[in-house]
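Here is a short tour of a structure, written for someone who likes to check geometry by hand. Keep the viewer open as you read.

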Amino acid sequence: MSWKLTFLQQIVDADIFVKSTEMSPHIELYQIDDTHWQQLAQIANANQLRWAAGFAVQSGEQFHVHACFERKGTYLLFRTTINGSKPQLPSQATVYAAANRSERHTHDLFGIEFLQHPDSRGWTRHQAWRRHEYPLRHDFPVTGAPAEITPPDTSYHFVEAHGIGVYEIPVGPVHAGIIEPGHFRFQAVGELILNLEERLGYVHKGIEKIAEGRTPEGLAKLAGRVSGDTTVAHTWAACMAMEQAAGIHIPRRATLIRGIFAERERIANHLGDIGAICNDVAFTFAFMQMMRLKELWCRTNYELFGHRFLMDKIVAGGVNVDINDVAGKFILIEINELRVELAQLIPAMDLSSSLEDRIYTAGYLSPQTAELFGTLGFIGRASGQDFDVRRDAPYAPYENVKVKVPIETQGDIASRFWVRYKEINASLKLIEQFIAQLELLPEGDLLASWVIPDNGRFGLGIVEGWRGEIMTYVEFGRNNAVSRFYPRDPSQFNWEPLEKAVLNNIVPDFPVCNKSFNCSYSGSDL
Amino acid sequence: MNGLMAVVQTALFVALSPLLMGFLKFCKCWLQNRRAPSFLQPYRDLLKLTYKQPVISQEASWLFCVAPYLIFTAMILAASVVPFIAVDQPTSAEADVIVLVGFFAFARFFLALAGLDIGTAFGGMGSSREMTISSLAEPAMLMAVFTLTMTASTTNLSGAIEHVLQEGLILRPSFVFALFALILVTMAETGRIPVDNPTTHLELTMIHEAMILEYSGRHLALIEWASALKLMLYGVLISNIFFPWGIAESFTLSALGYGLLAILGKLVFLCIFLALAETAVAKMRLFRVQEYLGFAYLLGVLGMLSHIILESTR
């Protein structure tokens, strides 16, 4: 804890007025004044804090802007209040590269101007809103006033490159395959990638806006649709935030079941991703086998819990489906079957020299770059970022189990491949421990009774989803209605490292690099 | 009679080529533990495409629309000079093996131009990659073919195959080298794994598919059919040059029947081999292709050398 004292001492020394409150064992809230916003970031950066999230909340005529920092599993949430008539704030993106897109998102949707921001272009803002319309402000109607046809986005200037033989490849947002939409602008010479720039925001669904006024049940459902493949973890994070705001504690049995769901989601996605990496280098045999395993895994979800991806199984206050002894036994048997299958398949992939040739050394993300952008989850862990919420800021049910966090330092596609494989094994062990604990608890104790939170109560849910740390802010208004919902998907910090990882690779290697990251478009576009 | 046979053989060749694709897909599916579509699926796909209206880019010139017909015609002409069922293909005398390579080059030239014509980044990228690969593959192929023609002292394919048949089963080191060279070239030229992935949806990794990304409707059907023809052409070349036994040496009905069965058998065998190879390996990094084709060329040269050193003294 000594780093925190040093950090806070430095803040006080810099004449920054601080008022603090503890939100949960791992999260503390600090209120500071707006003029020191950038200075705060500088001191935080000097103290090796990670920039973990940034978002704004409108409160009457004022805006509360938040920035969350993390170090060694302790989260410090800073809040400042600015005037609504001409909202301005010094940018933190000059200090933290990770804050860049997040601040642009806040600017686009709230109209808060970040002074000295290194990038003046919009981010989420395509041409769907008129110039002085900011959809997340309270005076903007939920239905919006969209034009019949959104005009083309012609004012967005991409980085350009000039020189003999230098050319540009625009890819997407409509792709030849069925994948999420995103635009990638390459500058290349021959086959060598000189620069890659991403343009996202094509799956903006207005999630933050339509969350306003929802009941806790409604918000849990909405959170499950932030990113379809992370439905469990996003719902969990939102529910955790709501439960924090309401001040309720959920039954132990419900937390164990949530843990099992989250680990099952992690395994399903990692299985699919390992296969998909193989498919992108045309190693179809492995792809088909991994897809088969994922499919069997999802079918079990359907048979036991009624949904292949476990959507809407976590609700505010607990879970809505139990795991009885029979189901527990079935899950344990399936785990052993999966282990046997993987023990045959993974060595076959390991021994394939043609696969090895493609995934080793390609798509290298250095630990320094990973740290610079606050890279999260398995991508960070494949580049030496030793962080996992489940271990470093444990929440129920992870606080009394041993969470093994695999780390690789090579930073290439192969590292991300192997971290996924090792995480599957770690998750299988976790599920076994959770089921053993479940057997000791009485069946059916799944829901805590809901307490209607007071107006203005808020919570911050932090969960390790399969892509990494998910941070969800929920604030309640009057009558049990949500007034602000901001889910920060790990992809928000993992898209930019991809831009760096593909440099000096060749153009045809981009798809497999991209697949090894597998960032969520939907989760970062909101 | 001879002329009629040439026409019939070519027609049969063109008609059977989608079936070869269907069978190859069938083999690959089963090797990947999937249920396979019917052998006839490629025919249904072609039929479906002909019904569909071609969508043509505003930027496209006349070349874009003409190219599929030129490519398809070039492939039919190529098919007409390769002995398929019977060794005595009269058209072989008019167009020898160098002209055959020329037909391939002609088709490729127009395909690459069509890729460039619409001005998309993918088309240009595909054309550039295709030309890089073919500039390496073509010499390797010629080298392998020259080994054969030097042994037979003729560039006429019918003549060459006849020569091999008359010599009987002799193990020639030069032929072994040339066979492997031609197999490697086949993989590269027909866009198979490990050089190109014909089933990919990833635009940035495509070679052949990138060039034809903008094609639709009947134009796409013609190009797909031409690709099937090309695969079959290479298959028949490998089968009939190196393993000509079974090919009809006269135009009697039974000889022709056996000839057809023989070539179909050989193609089935080749397809299974190709499917196995494609399942066992991943696609290689693009810049590995030059080493791969360099190796094919080396094999071709070794074939030629071993012919000169070991065989031509006799």
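Two residues are in contact if their C-beta atoms, placed from the backbone, lie within 7 Å. With that cut-off, look at the contacts in chain A between residues at least 6 apart in sequence: 67% of them join residues at least 24 apart.

A word on provenance before going further. This is a predicted model, in which local features need pLDDT of at least 70 and side-chain atom pairs count only at pLDDT 80 or more, while totals for chains, interfaces and linings use all residues. Residues are numbered from 1 along each chain as its sequence is written, and chains are lettered from A and ligands numbered from 1 in the order in which they are written.

**Chain A overall**

Chain A has 17 helices and 15 strands; these are DSSP runs (H or I of at least four residues for helices, E of at least two for strands), numbered from the N terminus. The radius of gyration of chain A, taken over C-alpha atoms, is 23 Å, close to the 24 Å that the globule rule gives for 526 residues, so chain A is as compact as a globular protein of that length. The rule itself is 2.2 Å times the number of residues to the power 0.38. Along the principal axes, the C-alpha atoms of chain A fill a box of roughly 70 × 65 × 55 Å.

How much of chain A counts as buried? The share is 49% of the 526 residues, where buried means that 20 or more other C-beta atoms lie within 10 Å of a residue's own, exposed means 12 or fewer, and partly exposed falls in between, with C-beta atoms placed from the backbone.

**Where the chains meet**

The contact between the chains takes 25 residues from chain A and 23 residues from chain B. On the side of chain A that touches chain B, the elements giving two or more residues are β8 (166–171), α8 (284–305), α10 (353–359) and α16 (510–517) of chain A. Of these, α10(A) gives the most, with four residues. By class, this side of chain A has 15 nonpolar, five polar and five charged residues; Ala, Val, Leu, Ile, Met, Phe, Trp, Tyr, Cys and Pro count as nonpolar, Asp, Glu, Lys and Arg as charged, and the others, Gly among them, as polar.

Helix α16 of chain A also holds Asn514(A). This residue is buried, with 22 other C-beta atoms within 10 Å. The C-alpha atoms of Asn514(A) and Leu498(A) are 7.0 Å apart, although 16 residues separate the two along the chain.

**Backbone details to check**

Most residues other than glycine have a negative phi, and most peptide bonds are trans. The table lists some exceptions.

| Site | Feature | Angle |
|---|---|---|
| Ala396(A) to Pro397(A) | cis peptide bond | omega about 5° |
| Ile193(B) to Pro194(B) | cis peptide bond | omega near 10° |
| Lys72(A) | positive phi | phi about 50° |
| Leu310(A) | positive phi | phi near 65° |

Pro397(A) is in the loop between α13 (389–392) and α14 (413–438) of chain A, and Pro194(B) is in the loop between α8 (173–189) and α9 (208–211) of chain B.

Lys72(A) sits in the loop between β4 (62–71) and β5 (74–83) of chain A and is partly exposed, with 13 C-beta neighbours inside 10 Å. Leu310(A), in the loop between α8 and β11 (314–315) of chain A, is buried, with 26 other C-beta atoms within 10 Å.
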